[in-house]
Amino acid sequence: MSKEKVKQNKRLFEVERRRDYFNLAVLIFTVGSIFGTLYEQIFMLICIYLDNGKLIWLPRAGLVYGPLSPIYGTGALLIFLLICRWRSKKWYDYFVYGFFIGGVLEYIMAVAQEKIFGTRSWDYSDKPLNIGGKTTVPYMFVWGALFLLFIYVIFPLLLKIYRKIPHKIGDIFFKILAIFLIFDIIISCVAVYRQNLRRHGIEPRNFIERYCDTRFTDEFLHTIYENAVPVENK
């Protein structure tokens, strides 16, 4: 990498106000979550078409409201936080970081989903070089590539767009968006956790659980988490 490119990379996330870092974090988490959902849907569309010649658009969202996949949003947010500190690294350093960070994140998310919600949304047990079925080395290379895509393409574009938003409008908008995301994550976790309790025959114990049984039925959640398979925790 030339000295000029390194300098450009160093300036990549320099902003005017400390508040901008919060706003950018919210923006990046949201874009990363949407990107991840679309990426998986397109990937599955291609795989199914190559397998049986059918075009099927499968749901791959991770939250009950909106096309959001928080595992990708979290990955994008981690990249943003790390790149603010490691601005002058070489491209292959970033690839290695993405390789390991993506693999560890995917593994942790898979374990957490099984332990807390009693379901599994992905299983690499039949894939080569898999790690406990939770992630796999070939897919970790994909994480590394996505890391580079976000750093050199998506992040600069988002920063360019963000700088065109007036401060007052942006501050209000991203605060509202952050509140929505927090609500969406909490209600999604509660809904899926309650589904796991229903699966084990546990009756609702409070208003929130009764609301989940009425609003977030098994049929409704299946339309969102179609690939989530119940597992028995040991």
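Reader: At roughly what angle do the axes of α2 and α5 cross, and within what distance do they come?

Author: This is a predicted model, in which local features need pLDDT of at least 70 and side-chain atom pairs count only at pLDDT 80 or more, while totals for chains, interfaces and linings use all residues. Residues are numbered from 1 along each chain as its sequence is written, and side-chain values use heavy atoms, with hydrogens and water left out. Helices (H or I, at least four residues) and strands (E, at least two) are DSSP runs numbered from the N terminus, and an axis is a line fitted to C-alpha atoms, for helices over the stretch in contact, with angles running from 0 to 180 degrees between N-to-C directions. Here the axes of α2 and α5 cross at roughly 130° and come within 11 Å.

Reader: Which word describes how α2 and α5 lie to each other?

Author: Angles under 35 degrees count as roughly parallel, over 145 as roughly antiparallel, 65 to 115 as roughly perpendicular, and the rest as oblique. The helices α2 and α5 are therefore oblique to each other. Where heavy atoms lie within 4.5 Å there is a contact, and the residues of α2 that meet α5 include Leu24, Phe35 and Tyr39, with Tyr139, Phe150 and Phe155 among their partners in α5. By class, this contact of α2 with α5 divides into 16 nonpolar, two polar and one charged residues, where Ala, Val, Leu, Ile, Met, Phe, Trp, Tyr, Cys and Pro count as nonpolar, Asp, Glu, Lys and Arg as charged, and the others, Gly among them, as polar.

Reader: How do the axes of α2 and α3 cross?

Author: The axes of helix α2 (residues 18–52) and α3 cross at roughly 135° and come within 7 Å, which makes α2 oblique to α3. The contact of α2 with α3 has eleven nonpolar, five polar and one charged residues.

Reader: At what angle do α4 and α5 pack?

Author: Helix α4 (residues 91–117) packs against helix α5 (residues 137–162) at an angle of about 125°, and their axes are 7 Å apart, so α4 and α5 are oblique to each other. Among the residues in this contact are Trp91, Tyr94 and Phe95 in α4, and Tyr139 and Trp143 in α5. The contact of α4 with α5 has 17 nonpolar, four polar and one charged residues.

Reader: How many aromatic pairs does the whole structure hold?

Author: Rings of Phe, Tyr and Trp (its six-membered ring) pair if their centres lie within 6.5 Å, and planes under 30 degrees apart count as stacked, over 60 as edge-to-face and the rest as tilted. A search of the whole structure finds 22 such aromatic pairs. The rings of phenylalanine 80 and phenylalanine 155 have centres 6.5 Å apart and planes at 90°, so this pair is edge-to-face. The pair links distant parts of the chain, with phenylalanine 80 in helix α3 (residues 70–83) and phenylalanine 155 in helix α5, 75 residues apart. Ring pairs also join Phe80 and Phe155 into a cluster with others, including Phe35, Tyr39 and Trp143.

Reader: Is threonine 119 buried or exposed?

Author: Buried means under 20% relative accessible area, exposed over 50%, and partly exposed in between (1.4 Å probe, protein chains only). Threonine 119 has 5% relative accessibility and therefore counts as buried.
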